[in-house]
Each structure stands twice: as C-alpha cells, then as structure tokens.
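I opened my notebook to go through this structure entry by entry. Here is what I looked up.

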Amino acid sequence: MEKSVRLSAEQRDDLVAYLDGELPDEQARTIDQIIARSEVARHEVEALARTFELLDVLPTIRASDDFATRTLTSLKVMEAPFVLTDQWWFRYLVRTATICCWIVALGGSAWLGFEITRDWIPDRNEEILRDLPIIENLNKYRDAGDIEFLRQLKFSGVFEEPQEK
C-alpha cells in the first residue's frame, strides 16, 4: 500500500492559484502529481472548486460609488504611523518652548550682565559718597591752612566729645 501524500501548507495556499491556472508549470505539475496519488488532496481541491462554484451562484451586490474611496481612506488612516512631528499641536508646542527658552536666555543674560557690572566695575558715586563729609567741610579745611595744623588740633583733643559720667 502506497503511503498517503498530503499537500503542504504552502501548496494548500496555492490551490486557488492552481484552480485559476495562475501557478507556474512546475508547481502546477507538482500539485497534479499529489492530487493523482492522494485522495485527501483531491477532496480538498474538489471542495475548494465547489466553494468557488457556489460563490458564482450568489447574487452580485454592487458597491456604492464611493466605496473604493472610503476603503482606501480608512486603510491610509490605519496604515499611517503616528508621527509626533505631524501632529497639529506639536508646532505650537515647539514655538512655545522656543519662546520660553529665549525669554529664559534673555533674562539670564540680563541678570548676568547686572551682576558683572555691579561687582566688577567700580562705581564712581561710591567714592564721592565715601568722601562726602570731607567735601561738605572743604571750605572749613581750607580756612584751617595746612594739614599739620589739623593734626595738632586732633591730638589736642578739641574734637573729642565729653564723656558722660
């Protein structure tokens, strides 16, 4: 007794093309040989052929005119990958982030410039404020004559406040 030959999964997938006569000759001959030797394979081909005959008996339903357009549109939507940069809100987010970065950068630059000029560049007004008592009494010092006379007055204790007891 000959061992039963079966159709492989690939050959089973090619049965529709075989029935429509669309298979290359070599593949078609292979399936013919299997069908000739295997009753199971023959039964599968006959069942498939009957199914196609029954489909031909069913009434044909005409699709609406926009069926193809709607189907292709829905397929495009389903196939389109989610691209973050294509989203409508992404552009606004990028603009807002860019503006915020510029504001922070300008604010930081202004603060840094203020700190640098405040600490590193001497202020001419501070020198004038430090010498203000001398400037206010400059006329009195000129009347005193020279600096030696003022030193003698300082050491004599004329300018000292009387201490309370």
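How accessible is Arg151? I found Arg151 partly exposed, at 44% relative accessibility. The scale I used calls a residue buried under 20% relative accessible area, exposed over 50%, and partly exposed in between, with a 1.4 Å probe and protein chains only.

Ground rules next. This is a predicted model, where local features need pLDDT of at least 70, side-chain atom pairs count only at pLDDT 80 or more, and totals for chains, interfaces and linings use all residues. Residues are numbered from 1 along each chain as its sequence is written, and side-chain values use heavy atoms, with hydrogens and water left out.

**Entry: salt bridges**

I looked for a side-chain nitrogen of Lys or Arg within 4 Å of a carboxyl oxygen of Asp or Glu. The count came to six salt bridges. I noted three, starting with Arg151.

Arg151 pairs with Glu148, with the closest N and O atoms 3.3 Å apart. Both sit in helix H10 (residues 147-156), three residues apart, about one turn of the helix. Helices here are DSSP runs of H or I with at least four residues, numbered from the N terminus. Glu148 is partly exposed too, at 41%.

Glu115 and Arg118 form another salt bridge, at 3.1 Å between the closest N and O atoms. Why are these two about one helical turn apart? Because they are three residues apart in helix H6 (residues 88-120).

Arg130 and Asp131 meet in a salt bridge at 3.8 Å, N to O. Arg130 is exposed, with 59% relative accessible area. Asp131 is partly exposed at 26%.

**Entry: cysteines**

I then searched for disulfides, meaning pairs of cysteine sulfur atoms within 2.5 Å. I found zero. For Cys100, the nearest cysteine sulfur is that of Cys101, 7.1 Å away. Cys100 is partly exposed at 41%, and Cys101 is exposed at 54%.

**Entry: a helix crossing**

How do helix H3 and helix H4 cross? The axes of H3 (residues 25-37) and H4 (residues 39-57) come within 5 Å and cross at roughly 115°. I took axes as lines fitted to C-alpha atoms over the stretch in contact, with angles from 0 to 180 degrees between N-to-C directions. H3 is therefore roughly perpendicular to H4, a label for angles of 65 to 115 degrees.

I listed the contacts last, counting heavy atoms within 4.5 Å. Ile34, Ile35, Ala36 and Arg37 of H3 meet Glu39, Ala41, Arg42 and Val45 of H4.

Technical notes
Angles under 35 degrees count as roughly parallel, over 145 as roughly antiparallel, 65 to 115 as roughly perpendicular and the rest as oblique.
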